[in-house]
Amino acid sequence: MQNRLRDSTWTIVFKALIIVHLMIREGEPNVTLKYLADSSSKLAISGFSDVQAQGTNIRHYHNYLIARARAFRDTKIDWVREGQGRLKKQTIDKGLLRETEAVQHQISALLKCDLLSNDPENEITLTAFRLLTMDLLVLFGIMNEGTINVLGKISKKPLCFLPLMLTEHYFEMSKYDADRALKIYKTFSMQTDHVVQFLSVARQHENAT
């Protein structure tokens, strides 16, 4: 697999990354992520520039898979396969802020994978985009749970009440944690807009993806 990742042909490298992604998603739980978490160099790819065919897509897709591995290294959790519901009841002293940030970092890397902007009919990019979309739906739900919990309530209130919730609980935290909580909320707000845009593209290609 490493030889294929270092190949100079973009189709071979892209397909190899898709296989790695499938191993993470559907293979033996945690095995692939644990292997990659030990050293990101194990997923090293050939250098692709933006002017090369699919160069940007390959780099962004590679970076997302690295982000998945680093999140596993830091939290020992495969968030796509094991993270649902975890952040609902997690506490700050047991890592709620750190784990919510880990989810947001993965989403940030995923949202850079604008794979269909140049060649929306390519079967390779469509396959990768489909896998990314499935990951995003799970990660965004987890981030939503974590953000609400960070703000101090597991609540059924609409998201428009989140700023009020932040005000109520902001001063109950240490200054350091309060600053992190505020950053998490701001990131959540920003990422929500980008997630909506990403999923709108997915809907446009739902017959293909």
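Q: In which helix of this predicted model is Asp177 found, and is Asp177 buried or exposed?
A: Asp177 is found in helix α9. Its relative accessible area is 17%. Buried means under 20%, so Asp177 counts as buried.

Q: Which residues does Asp177 touch, not counting residues up to four places away in sequence?
A: Asp177 is a residue of helix α9. Once residues up to four places away in sequence are set aside, what Asp177 touches is Ile92 and Leu97.

Q: How many helices and how many strands does the secondary structure of the protein chain come to?
A: From the N terminus on, the elements run α-α-α-α-α-α-α-α-α. The count is 9 helices and 0 strands.

Q: What percentage of contacts between residues at least 6 apart in sequence join residues at least 24 apart?
A: The protein chain has 209 residues, of which 47% count as buried. Among its contacts between residues at least 6 apart in sequence, the share joining residues at least 24 apart is 70%.

Q: Which residues have the most contacts inside the largest nonpolar core?
A: In soluble globular proteins, nonpolar side chains tend to be buried together. Here the largest nonpolar core has 62 residues. Those with the most contacts inside this core are Phe14, Leu17, Tyr64 and Trp79.

Q: Which element gives the largest share of this core?
A: The largest nonpolar core has 62 residues. The elements that give two or more residues to it are α2 (10-26), α3 (31-38), α4 (55-75), α5 (79-82), α6 (96-111), α7 (123-150) and α9 (175-204). The largest share, 12 residues, comes from α7.

Q: With which residues is Leu17 in contact, leaving aside its neighbours within four places in sequence?
A: Leu17 is among the residues with the most contacts inside the largest nonpolar core. Leaving aside neighbours within four places in sequence, the contacts of Leu17 are Leu5, Leu43, Ile45, Ile58, Tyr61, His62 and Leu65.

Q: Are α2 and α7 roughly parallel or roughly antiparallel to each other?
A: The axes of α2 and α7 come within 10 Å and cross at roughly 25°. The crossing is left-handed. The contact is made by residues including Phe14 and Arg25 of α2 and Leu131 and Asp135 of α7. Angles under 35 degrees count as roughly parallel, so α2 and α7 are roughly parallel.

Q: Which residues are linked with Asp78 in a network of salt bridges?
A: Side chains of opposite charge can pair when their charged atoms come close. Asp78 and Arg68 meet in a salt bridge at 2.8 Å, N to O. This pair links distant parts of the chain, with Asp78 in the loop between α4 and α5 and Arg68 in helix α4, and both residues are buried. The residues linked with Asp78 in the network are Arg25, Arg68 and Asp135.

Q: How far apart are the closest N and O atoms in the salt bridge of Arg73 with Asp74?
A: Arg73 is partly exposed at 40% relative accessibility. Asp74 is also partly exposed, with a relative accessible area of 46%. The closest N and O atoms of the pair are 3.0 Å apart.

Methods. Residues are numbered from 1 along each chain as its sequence is written. This is a predicted model: local features need pLDDT of at least 70, side-chain atom pairs count only at pLDDT 80 or more; totals for chains, interfaces and linings use all residues. Side-chain values use heavy atoms; hydrogens and water are left out. A nonpolar core is a set of buried Ala, Val, Leu, Ile, Met, Phe, Trp, Tyr and Cys residues joined through side-chain atoms within 4.5 Å. Buried means under 20% relative accessible area, exposed over 50%, partly exposed in between (1.4 Å probe, protein chains only). Helices (H or I, at least four residues) and strands (E, at least two) are DSSP runs, numbered from the N terminus. Contact means heavy atoms within 4.5 Å. A salt bridge is a side-chain nitrogen of Lys or Arg within 4 Å of a carboxyl oxygen of Asp or Glu. Axes are lines fitted to C-alpha atoms, for helices over the stretch in contact, and angles run from 0 to 180 degrees between N-to-C directions. Angles under 35 degrees count as roughly parallel, over 145 as roughly antiparallel, 65 to 115 as roughly perpendicular and the rest as oblique. A crossing is left-handed if the near helix is turned anticlockwise from the far one by less than a right angle, and right-handed if clockwise.
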